[in-house]
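Subject: Structure for your files

Hello,

Here is the structure I said I would pass on. My notes on it come after the coordinates.

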Amino acid sequence: MKKSQYKLIIAIVFLTCFFSNTTQARDFVELVKYCESCHGLDGLSTTPDVPIIAGFSEEGFLNTIDVFRENERIAMEFHKPGEPETVMNEIAQSLTDKEAEELAKYYSGLEFKPANQSADPEKASRGAILHKKSCERCHTNNGKDPVEDAAILAGQWMPYLERQFDNILKKKRLVPKSMYRRIKKLSDQDIEALLHFYALEGNK
Ligand code: HEC
Ligand code: HEC
């Protein structure tokens, strides 16, 4: 390589680093406020369609941002009143790696608190049996303390979870094969029973 070519490459690398640092440096506090505008103060969503994101494992959080980025998980469209629709995929794509890492650290450090919702105890007791048989292995302690990056189910919003079952069955969201196999076997009634079980468990 000629010396001039070498210098040009150095200059390009330098400028790229310089500009990516300046244009991407968003204030972290502002960024968190943006997330909070949908996910609620401290990640404790009060909107039944929007998940609680506090208390996620750091690894699980980063994985989730990644699958949204790669469109391996297609998020539902969400309208805040008076604003254009926003999709988590685009939000995740707008984050830098550093921001995603900082957000993962931040939200994994916050405490998960269950959604304020009621459930039918009879359906829940049917759900308890299904859960124990098929889901407890990964969604441990009745969905409260999942292993590794499996999600917290106990206390998550029912309407949000219901959409996820639908997304998983339609393959808009990829989950571990051993989970998919189990989900595929569930009837609509089974899913309803599980939703009531997780809502009730959250309140315990
Ligand atoms: C306009 C509203 C909105 C904003 C702003 C928003 N989100 Fe979301 N987020 C959603 C919705 C709706 C979902 C559920 C998507 C789906 O259907 O899978 C979601 C899902 C998620 C999930 C997956 C949760 C789970 O249980 O799997 C994470 C993690 C997440 N958002 C993080 C963030 C972060 C971090 C920010 C800020 C950079 C943010 N969100 C900003 C609406 C929003
Ligand atoms: C082999 C381990 C495993 C088993 C068994 C399993 N899951 Fe999961 N589950 C996971 C993982 C890992 C995730 C996170 C997937 C991702 O990356 O999006 C998850 C996510 C979910 C979600 C989405 C939660 C959210 O916040 O978006 C639901 C709902 C769910 N599981 C329900 C179940 C049910 C019901 C069963 C039993 C019928 C079950 N799972 C069995 C590992 C498992």
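Predicted model: local features only at pLDDT ≥ 70, side-chain atom pairs only at ≥ 80, totals over all residues.

Fold. The chain holds 10 helices and two strands. In sequence order the elements run α-α-α-β-β-α-α-α-α-α-α-α. The chain has 204 residues, and 22% of them are buried. Among contacts with a separation of 6 or more, 69% join residues 24 or more positions apart.

Ligand 1. The shell around ligand 1 is made of 22 residues, and C35, C38, A75, M76 and T86 are the closest. Three helices each contribute at least two residues to this shell: α2 (28-39), α3 (58-69) and α4 (88-94). The largest contribution is that of α2, which gives six residues. By class, 15 residues of the shell around ligand 1 are nonpolar, four are polar and three are charged.

Ligand 2. Around ligand 2 there are 22 residues, of which C135, C138, A150, A151 and M179 come nearest. Here α8 (158-169) and α9 (177-184) each provide at least two residues of the shell. With four residues, α9 gives the most. The shell around ligand 2 divides into 13 nonpolar, six polar and three charged residues.

Nonpolar side chains tend to be buried together in soluble globular proteins. In this model the largest nonpolar core has 25 residues, and I52, Y107 and Y198 touch the most other members. At least two residues of this core come from each of α3, α5 (97-108) and α10 (188-202). The helix that gives the most to this core is α10, with seven residues. Which domains does this core draw on? Domain 1 (3-108) and domain 2 (121-201) each supply at least three of its residues.

Leaving out residues up to four places away in sequence, I52 touches G43, L44, S45, F112, A115, Q156 and W157.

Regards

Conventions. Residues numbered from 1 in each chain as written. Chains lettered and ligands numbered in written order. Near = placed C-beta within 6 Å. Nonpolar A, V, L, I, M, F, W, Y, C, P; charged D, E, K, R; others polar. Buried ≥ 20, exposed ≤ 12 C-beta atoms within 10 Å, placed from the backbone. Contact = placed C-beta atoms within 7 Å. Core = buried A, V, L, I, M, F, W, Y, C linked by C-beta atoms within 7 Å. Domains from an automatic or database assignment.
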